[in-house]
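Hello,

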Amino acid sequence: MIYSAEVQHMCSVGKGAYHGPAPIPEEGKWVQVKQISDVSGFTHGIGWCAPQQGCCKLTLNVKEGIIEEALVETLGCSGMTHSAAMAAEILIGKTLLEALNTDLVCDAINTAMRELFLQIVYGRSQSAFSEDGLAVGASLEDLGKGLRSQVGTMFATKAKGPRYLEMAEGYVTRVALNEDSFITGYEFVNLGKMMDFIKKGDDANVALEKAKGHYGQFEGAAKYIDPRHE
């Protein structure tokens with residue numbers, strides 16, 4: 001340690017009481033975090049790249065400072081999907097601090113890691129008040145039975161109005177309109193269910209029909225349109 005001449009010639013003065021860091025909630029306990037191994041929790045972070053062409057939702061399950069589980073969801077950029085594949089391999093087994101200082105291939109994923117780190121080290125994790133936290137694999141519950149990300153895609157123009165393309169329930173195949181051409185409901189295909197039916201041996205057309213559903217005042221509408229072609 002190098003001290004300046006001014007500091008070297010100063011007299012020593014006693015430091016007041018030291019109470020340590022403020023405790024934060026972690027997995028049902030109050031913890032004074034003094035090192036990275038003191039950090040545990042399950043939470044999410046949202047990130048974006050510099051041109052804001054795409055974004056990432058990153059979910060991590062951290063136990064005693066080590067990333068035991070990672071879910072990387074991306075939207076809006078084709079290259080980011082490949083970055084997510086690499087990030088999924090990079091993240092697991094690292095400490096939170098290692099992951100924060102590791103290139104996760106894509107700016108959006110790096111930003112998500114930063115935002116998630118801030119939440120979890122300040123005790124704002126989703127599992128802050130859950131005794132022993134959440135089991136490894138908990139992030140898959142966010143995806144649902146079909147293990148697909150929750151995606152909503154809508155398109156609209158002033159000239160022709162809105163088009164529903166994809167909802168949480170699935171890929172929108174038809175939109176129902178009333179007599180005034182307002183949307184009253186939609187038909188969708190749950191692609192996760194459809195693939196499960198096909199894997200079990202159903203014909204693709206049969207699987208398509210079995211995986212269909214509808215929402216809102218769909219039946220008996222004045223008109224139905226294909227949102228991608230009409």
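A nonpolar core here is a set of buried Ala, Val, Leu, Ile, Met, Phe, Trp, Tyr and Cys residues joined through side-chain atoms within 4.5 Å; buried means under 20% relative accessible area, exposed over 50%, and partly exposed in between (1.4 Å probe, protein chains only). The model is predicted: local features need pLDDT of at least 70, side-chain atom pairs count only at pLDDT 80 or more, and totals for chains, interfaces and linings use all residues. Residues are numbered from 1 along each chain as its sequence is written, and side-chain values use heavy atoms, without hydrogens and water.

The largest nonpolar core has 23 residues, and Cys-56, Leu-58, Leu-60, Leu-91, Leu-96, Ile-109 and Met-113 have the most contacts inside it. Helix 4 gives the most to this core, with seven residues (helices are DSSP runs of H or I, at least four residues, and strands runs of E, at least two, numbered from the N terminus). Apart from this core lies another, of seven residues, including Val-172 and Phe-188.

There are five aromatic pairs in the structure. Rings of Phe, Tyr and Trp (its six-membered ring) pair if their centres lie within 6.5 Å; planes under 30 degrees apart count as stacked, over 60 as edge-to-face and the rest as tilted. Trp-30 and Phe-129 are edge-to-face because their planes stand at 65°, with ring centres 6.2 Å apart. Trp-30 lies in strand 2 and Phe-129 in the loop between helix 4 and helix 5, 99 residues apart. Both Trp-30 and Phe-129 are exposed.

Tyr-186, by contrast, is buried at 6% relative accessibility, and Tyr-164 is partly exposed at 24%.

Regards
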